[in-house]
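Welcome! Take a look at it first, then try each task before reading on.

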Amino acid sequence: MNLAELKRLVAKGESDRLELKQTTGQRTEAAKSVCGMLNGCGGFVVFGVSPKGELLGQEIGQRTVEEVTNELARIEPPAFPDGETVTL
């Protein structure tokens with residue numbers, strides 16, 4: 001996904017297939033959303049976006065990626081979502 005695609009996606013606002021999270025500190029809530037999406041038609045959880053759809057961005061390191069991955073690994077049965085980073 002590139003920046004233009006991200007902007008188009010976020011412009012649609014939250015739905016049953018799109019969840020916006022301001023920071024990766026909300027990873028537990030994001031994992032719950034992922035679980036719900038896995039039981040439905042799939043979707044996207046996007047970090048670094050305000051509830052109003054404003055692109056805020058977030059600097060992340062390898063540890064943050066691992067923390068998000070570990071949170072998602074707690075889903076049963078296991079989920080294998082694709083993670084992507086879009087540079088703002």
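**Exercise 1. Which element gives the most to the lining of the largest pocket?**

Before we start, two notes on the model. It is a predicted one, in which local features need pLDDT of at least 70 and side-chain atom pairs count only at pLDDT 80 or more, while totals for chains, interfaces and linings use all residues. Residues are numbered from 1 along each chain as its sequence is written, and side-chain values use heavy atoms, with hydrogens and water left out.

Step 1: On a 1 Å grid over the protein atoms alone, a pocket is an open set of points where a 1.4 Å probe fits, with protein on both sides within 12 Å along at least five of seven lines; lining residues have an atom within 4 Å of a point. Helices (H or I, at least four residues) and strands (E, at least two) are DSSP runs, numbered from the N terminus.

Step 2: Find the pocket. The largest one has a volume of about 1,200 Å³, a volume being the space filled by probe spheres set on the points, which are joined across faces, edges and corners. It is lined by 34 residues, and Val-45, Phe-47, Asp-82, Gly-83 and Glu-84 are the closest to its centre.

Step 3: Compare the elements. At least two lining residues come from each of α2 (27-38), β2 (44-47) and α3. With six residues, α3 gives the most.

**Exercise 2. Sort the lining of the largest pocket by class.**

Step 1: Set the classes. Ala, Val, Leu, Ile, Met, Phe, Trp, Tyr, Cys and Pro count as nonpolar, Asp, Glu, Lys and Arg as charged, and the others, Gly among them, as polar.

Step 2: The lining has 21 nonpolar, eleven polar and two charged residues.

**Exercise 3. Where do the buried residues of α1 fall, seen down its axis?**

Step 1: List them. Buried means under 20% relative accessible area, exposed over 50%, and partly exposed in between (1.4 Å probe, protein chains only). In α1 the buried residues are Leu-6, Leu-9 and Val-10.

Step 2: Look down the axis. These residues fall within an arc of 95°, so they line one face of the helix; the arc is that of the directions from the helix axis to the C-beta atoms.

Step 3: Recall the helix rule. An α-helix has 3.6 residues a turn, so residues three or four places apart point the same way.

Step 4: Check both sides. The buried residues of α1 pack against β1 and β2, where contact means heavy atoms within 4.5 Å. Turned away from that buried side are the exposed residues Arg-8 and Ala-11.

**Exercise 4. Why is Cys-41 too far from the closest cysteine sulfur for a bond?**

Step 1: Apply the rule. A disulfide is a pair of cysteine sulfur atoms within 2.5 Å.

Step 2: Use the distance. The sulfur of Cys-41 is 15 Å from that of Cys-35, its closest cysteine sulfur, so the two are too far apart for a bond. The count comes to zero disulfides.

Step 3: Cys-41 is exposed at 67%, whereas Cys-35 is partly exposed at 30%.

**Exercise 5. What kind of peptide bond joins Glu-76 and Pro-77?**

Step 1: Locate Pro-77. It sits in the segment after α3 (62-73) and is exposed, with 62% relative accessibility.

Step 2: Read omega. At about -10°, the bond between Glu-76 and Pro-77 is cis.
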